[in-house]
Amino acid sequence: MIDPATKTDAVMDLLIVDGRVAERRAPEKGRGAAPAGGRVLEATGHWVCPGLVDMHVHLREPGQEHKESIESGTRAAAAGGFTSVACMPNTDPWNDGLSVTEYIVAEARRRGVVNVFPIGCVSKGGLGAELAEIGDMVRSGAVAVSDDGRPVGNSYLLRMALEYAKIFGIPLIDHCEDRNLSASGVMHEGFVSTVLGLKGIPAASEEVAVATDLAVAAMSGGRLHVAHLSTRGSLEKIRRARADGVAVTCEATPHHLVLTDQSVADSHYDPNMKMNPPLRSEEDRQALLQGLRDGTIDAIASDHAPHHADEKLVEFDEAPFGIIGLETTVPLVLDRCVRKEGLAPARFVELLAQNPARILGINKGTLAVGADADVTIIDPDLGRTVDVSQFKSKARNSPFHGWRLRGWPVATVVAGRVVHELLPVATR
């Protein structure tokens with residue numbers, strides 16, 4: 001059992017009763033049988049972790065169900081080992097008021113298989129002009145606000161939103177991008193973009209926005225969370241701001257941790273290598289890995305962005321930004337960060353369970369007695385090949401198809417109910 005919230009890293013038995021953790025104990029002979037009417041999940045040789053939390057997911061519902069739905073997205077989450085997801089508001093219509101928030105909450109109860117926590121808009125319609133009804137959305141179930149997919153429209157709106165969010169005790173999550181600098185760029189600006197003849201998005205487009213956000217957060221006293229951090233410069237700015245007492249947290253995505261702009265060239269302009277922020281340089285990637293180790297980066301989030309196959313079957317320039325990640329995040333981080341970069345297993349759980357829950361203010365991310373029985377069981381030695389045709393998601397826009405990865409979730413438990421099981425049929 002690996003549970004950093006209770007400083008637990010030991011071989012233990014876990015008893016779940018009525019959807020909650022009832023008891024944790026050292027294993028003893030003769031005590032492995034389930035209570036009457038119960039069931040035993042045999043996890044010898046596996047990691048038993050608090051249910052993982054993906055704090056940055058696009059479920060596309062309402063309005064874009066041809067890409068993903070709450071039902072398919074939550075099934076993908078369960079298959080990926082996530083027991084909770086927070087869904088971004090850029091739906092159709094945008095989640096900028098209580099009616100859409102209430103719809104998402106109700107639909108998740110009807111059709112979802114994992115916990116769904118809505119994130120509401122900062123501005124009405126995500127247009128960056130006028131504050132959305134933050135109080136109404138929070139009362140309806142929103143756990144944060146964001147205009148993700150777009151940066152917050154201007155510094156004044158950001159200040160107002162941070163001050164309102166502070167009143168309600170929630171974070172503001174920003175997609176940091178100066179669009180005057182990124183303009184119509186499609187990949188990281190640098191040597192590779194020049195060789196490929198593609199218009200670049202400079203690192204400064206993110207770093208200028210991060211610097212502005214940090215200054216406004218310091219002034220307002222609100223809680224800022226920087227989404228999908230991608231550059232060394234942004235990381236250094238957050239490190240300094242935190243030392244100065246600014247209430248800021250940040251996340252990184254698996255794709256920014258394992259891929260670089262060279263991947264666009266190596267894949268021969270694969271549109272599944274196109275995302276925003278773009279894949280950056282090797283120097284940036286190494287800086288992000290160091291940020292995982294030293295604690296500057298608080299969370300890993302998939303930025304699961306499903307698209308219909310037809311939308312990605314176009315030239316790189318014309319393809320939409322974004323890739324799916326709910327079903328590949330765990331094996332990518334285990335294989336490439338834990339196994340190959342030396343990230344500690346307890347730190348893995350912090351980044352994917354404890355810290356996302358803390359940032360969002362939800363009662364998840366721990367296996368303490370009395371906690372919700374949301375559990376992710378991982379086989380750290382299981383080797384499998386990524387096969388998008390087997391995904392639970394409706395979408396297939398992943399750059400990792402065919403990758404051989406070691407370390408996969410094998411069971412996902414939500415409120416004491418097994419919502420996904422993977423038979424370990426693959427070779428180890």
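Colleague: Which backbone oxygen does the side chain of arginine 179 reach?
Modeller: Happy to start there, keeping in mind that this is a predicted model. Arginine 179 sits in helix α5, residues 179–182. Its side chain extends to a backbone oxygen at 2.8 Å, and that oxygen belongs to glycine 149.

Colleague: Is arginine 179 buried, partly exposed or exposed?
Modeller: The relative accessible area of arginine 179 is 42%. Buried means under 20% and exposed means over 50%. The value for arginine 179 falls in between, so this residue is partly exposed.

Colleague: How far apart are the C-alpha atoms of arginine 179 and arginine 150?
Modeller: Leaving aside neighbours within four places in sequence, arginine 179 is in contact with Gly149, Arg150 and Pro151. Arginine 150 is 29 residues away along the chain, and the separation of the two C-alpha atoms is 9.1 Å.

Colleague: Glycine 149 interests me. Which residues lining the second largest pocket are the closest to its centre?
Modeller: That pocket holds about 370 Å³ of space. It is lined by 20 residues, and those closest to the centre are Asn90, Gly149, Asn276, His307 and Phe321.

Colleague: How many residues in the lining of the second largest pocket are polar?
Modeller: Split by class, the lining has 5 nonpolar residues and 6 charged ones. The number of polar residues in the lining is 9.

Colleague: Let's turn to helix α4. Which residue caps its N-terminal end?
Modeller: Helix α4 covers residues 155–168 and reaches 20 Å from its first C-alpha to its last, close to the 20 Å expected. At the N-terminal end, a side-chain oxygen lies 3.1 Å from the backbone nitrogen of tyrosine 156; the residue supplying that oxygen is asparagine 154.

Colleague: What do the buried residues of α4 pack against?
Modeller: The buried residues are Leu157, Leu158, Met160, Ala161, Leu162 and Ala165. In an α-helix there are 3.6 residues a turn, so residues three or four places apart point the same way. The partners of this buried set are α3, β10, α7 and β13.

Colleague: Which residue, with a positive phi, follows α4?
Modeller: The phi there is near 70 degrees. The residue is glycine 169.

Colleague: Last one: with which side chain does the side chain of histidine 256 make a polar contact?
Modeller: Histidine 256 lies in helix α9, residues 254–258. The polar contact, at 2.7 Å, is with the side chain of threonine 253.

Note on methods. Residues are numbered from 1 along each chain as its sequence is written. This is a predicted model: local features need pLDDT of at least 70, side-chain atom pairs count only at pLDDT 80 or more; totals for chains, interfaces and linings use all residues. Side-chain values use heavy atoms; hydrogens and water are left out. Helices (H or I, at least four residues) and strands (E, at least two) are DSSP runs, numbered from the N terminus. Buried means under 20% relative accessible area, exposed over 50%, partly exposed in between (1.4 Å probe, protein chains only). Contact means heavy atoms within 4.5 Å. A polar contact is a pair of N or O atoms within 3.5 Å; within protein, one must be able to donate a hydrogen and the other to accept it, and residues adjacent in sequence count only if both atoms are side-chain atoms. On a 1 Å grid over the protein atoms alone, a cavity is a set of points where a 1.4 Å probe fits but cannot get out, and a pocket is an open set with protein on both sides within 12 Å along at least five of seven lines; lining residues have an atom within 4 Å of a point. Grid points are joined across faces, edges and corners, and a volume is the space filled by probe spheres set on the points. Ala, Val, Leu, Ile, Met, Phe, Trp, Tyr, Cys and Pro count as nonpolar, Asp, Glu, Lys and Arg as charged, and the others, Gly among them, as polar. The expected span of a helix is 1.5 Å times one less than its number of residues.
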